[in-house]
Amino acid sequence: MPGSTVLFVHGALVRDGTWWWAPTADLLRQRTGVDSHALALPSCGETGTGGGLREDAAALRRALDALPSAIVVGHSYGGTVIAEAGRHPAVEHLLLVSSYLPEIGETQGSIMSGELDPVAVRPDDSGRIVLDGYDERSFGARFLQDTDEATQRAAWDRVTAQDAGAFGTPTTAAGWVGVDSTAVVCGDDRSTTAALQRVHAARATRSVELPTGHHPFISRPDLVVEQIEAFLDH
């Protein structure tokens, strides 16, 4: 859709959304000239204000308030932020990448609780949530196995603690309802099972399965840009 801005919402337990989305943002700009912006999440300590899911959703609503038209792209936990933000008039399309379209009352923690091999987390000394038992190598093998070692190292440097309210707060809205949406199922994802992704993808307008790990916007930005371009053709 001409004139739309792409707004990226990153996943849990990381910071510096601009870095995570850069391969896709750069390619999108080269191909289409479309501007994009990566949302900073308070729960991940990116704004200096703190807070959990509700504060993340409020940050998304504020960003959308400044845009006449937006395509919102959410990764993993980013889909829960989109849901909690509610229906916003600027949102034209949603792209959910290995992500969630939660019903009202679900929490990020409850969504993940059914996984047979869930990503291990624990509270740190301040009560914030951190990854448990991972190092640079094991993190790369699970979350970015289809990228090179330098990328895995850079990603590990951006892992961070997150407010517990991001995981335990029930959603009070379902911002994906009534919005044209595409869900991307990552078939080789070692973080979120394809089976869980498909449960949520069934709630979207349409879905597509890609042969990638958890972060296709890094490993195969061309495939993600193709999905955004489909919205632009509307």
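Biologist: Where does A174 lie?

Modeller: This is a predicted model. In it, A174 lies in the loop between helix 7 (165–168) and strand 7.

Biologist: Is A174 buried or exposed?

Modeller: A174 counts as buried, with 18% relative accessibility; the cut-off for buried is under 20%.

Biologist: Which residues does A174 touch, leaving aside those up to four places away in sequence?

Modeller: With those set aside, A174 touches A83, P102 and I104.

Biologist: And how far apart are the C-alpha atoms of A174 and M112?

Modeller: They are separated by 18 Å, and the two residues are 62 residues apart along the chain.

Biologist: How many bridges join strand 1 and strand 3?

Modeller: Five bridges, in the parallel sense, pair strand 1 (residues 5–9) with strand 3 (residues 70–75). In this part of the sheet, F8 stands opposite V73 in strand 3.

Biologist: Which residues of helix 8 are buried?

Modeller: In helix 8 (residues 194–201), the buried residues are A194, L196, Q197, H200 and A201. Viewed down the helix axis, they fall within an arc of 160°, so they line one face of helix 8.

Biologist: What do those buried residues pack against?

Modeller: The buried residues of helix 8 pack against helix 4 (108–112), strand 7 (180–186) and strand 8 (206–210).

Biologist: On to helix 10. How many residues has it, and what is its reach?

Modeller: Helix 10 has twelve residues and reaches 16 Å from its first C-alpha to its last, which is close to the 16 Å expected at 1.5 Å a residue.

Biologist: Which of its residues are buried?

Modeller: In helix 10, the buried residues are P221, L223, V224, V225, Q227, I228, F231 and L232. Q227 has 17% relative accessibility and therefore counts as buried.

Biologist: What does Q227 touch, again without residues up to four places away in sequence?

Modeller: Q227 touches L95, T182, V184 and V208 on that basis.

Biologist: Now the charged pairs. How many salt bridges does the structure hold?

Modeller: The structure holds ten salt bridges. One of the pairs is E229 with R31, whose closest N and O atoms are 3.3 Å apart. E229 lies in helix 10 (residues 221–232) and R31 in helix 1, so the pair ties together parts that are 198 residues apart in sequence.

Biologist: How accessible are E229 and R31?

Modeller: E229 is partly exposed, at a relative accessible area of 21%. R31 also counts as partly exposed, at 40% relative accessibility.

Biologist: Which residue does D26 meet in a salt bridge?

Modeller: The side chain of D26 meets that of R29, at 3.4 Å from N to O. Both residues lie in helix 1 (residues 17–32), three residues apart, about one turn of the helix. An α-helix has 3.6 residues a turn, so residues three or four places apart point the same way.

Biologist: And where do D132 and R122 lie?

Modeller: Their side chains meet in a salt bridge of 3.4 Å, N to O. D132 lies in the loop between strand 6 (129–131) and helix 5 (136–143), while R122 lies in strand 5 (residues 121–123), so the pair ties together parts that are ten residues apart in sequence. D132 is partly exposed, with a relative accessible area of 34%.

Methods
Residues are numbered from 1 along each chain as its sequence is written. This is a predicted model: local features need pLDDT of at least 70, side-chain atom pairs count only at pLDDT 80 or more; totals for chains, interfaces and linings use all residues. Side-chain values use heavy atoms; hydrogens and water are left out. Buried means under 20% relative accessible area, exposed over 50%, partly exposed in between (1.4 Å probe, protein chains only). Helices (H or I, at least four residues) and strands (E, at least two) are DSSP runs, numbered from the N terminus. The arc is that of the directions from the helix axis to the C-beta atoms. Contact means heavy atoms within 4.5 Å. Two strands pair if DSSP finds at least two bridges between them. A salt bridge is a side-chain nitrogen of Lys or Arg within 4 Å of a carboxyl oxygen of Asp or Glu. The expected span of a helix is 1.5 Å times one less than its number of residues.
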